[in-house]
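Hi,

Here is the structure I promised to pass on.

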Amino acid sequence: MTYYIYVLRCIDQSLYTGITSDIQKRFEEHRSGKGAKYTRMHSPIKIEAAWSCKSRSDALRLEYRIKQLSKKKKEMLIKDVSLLDNFLSDVVQCEIYKPCNFKTGT
């Protein structure tokens, strides 16, 4: 099974990070108010970045590490997903994560 780690942009310009095995379905859940408590309060407008990996434990590890980044570093990561290697190489084996592109409307 493939797992996705994703970063959502919310209407107030905040960022939300999560994991799922079906990114489009999960994004729709967030938008419809059936997602995380955070996204019920901060409506998501688009998927800013996403990575895939084959292991749930690896996905959880990456999600945790991205959540630990400052908003400034998350914004940098969104602009250049290759920075994952720079920001998280101390703990995460970045070669197992593959950047993904997902189109979402506002």
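A residue is called buried here when its relative accessible area is under 20%, exposed when that is over 50%, and partly exposed in between (1.4 Å probe, protein chains only). On that scale, 46% of the 106 residues in the protein chain are buried. Bear in mind that this is a predicted model: local features need pLDDT of at least 70, side-chain atom pairs count only at pLDDT 80 or more, and totals for chains, interfaces and linings use all residues. Residues are numbered from 1 along each chain as its sequence is written, and side-chain values use heavy atoms, with hydrogens and water left out.

Now the overall layout. The protein chain has 5 helices and 4 strands, in the order β-β-α-α-β-α-α-α-β along the sequence. Both are DSSP runs numbered from the N terminus: helices are H or I with at least four residues, strands are E with at least two. If we count a contact as heavy atoms within 4.5 Å, then 62% of the contacts between residues at least 6 apart in sequence join residues at least 24 apart.

Next, the aromatic rings. Rings of Phe, Tyr and Trp (its six-membered ring) pair if their centres lie within 6.5 Å; planes under 30 degrees apart count as stacked, over 60 as edge-to-face, and the rest as tilted. That rule gives 2 aromatic pairs. One is Tyr-6 with Tyr-16, a tilted pair at 6.4 Å centre to centre with 45° between the planes. Tyr-6 sits in strand S1 (residues 3-10) and Tyr-16 in strand S2 (residues 15-20), 10 residues apart. Both Tyr-6 and Tyr-16 are buried. Tyr-16 also pairs with Tyr-38: the centres are 6.1 Å apart and the planes at 15°, so this pair is stacked. Because Tyr-38 belongs to helix H2 (residues 37-41) and Tyr-16 to strand S2, the pair ties together parts 22 residues apart in sequence. Tyr-38 is partly exposed, at 32% relative accessibility, while Tyr-16 has a relative accessible area of 13%. Together, the ring pairs link Tyr-6, Tyr-16 and Tyr-38 into a cluster.

One more thing to look at: which residues of helix H4 (residues 71-79) are buried? They are Lys-74, Glu-75, Leu-77 and Ile-78. Seen down the axis of H4, these buried residues fall within an arc of 160° (taken from the directions from the helix axis to the C-beta atoms), so they line one face of the helix. Lys-72 and Lys-79, on the other side of H4, are exposed.

Cheers
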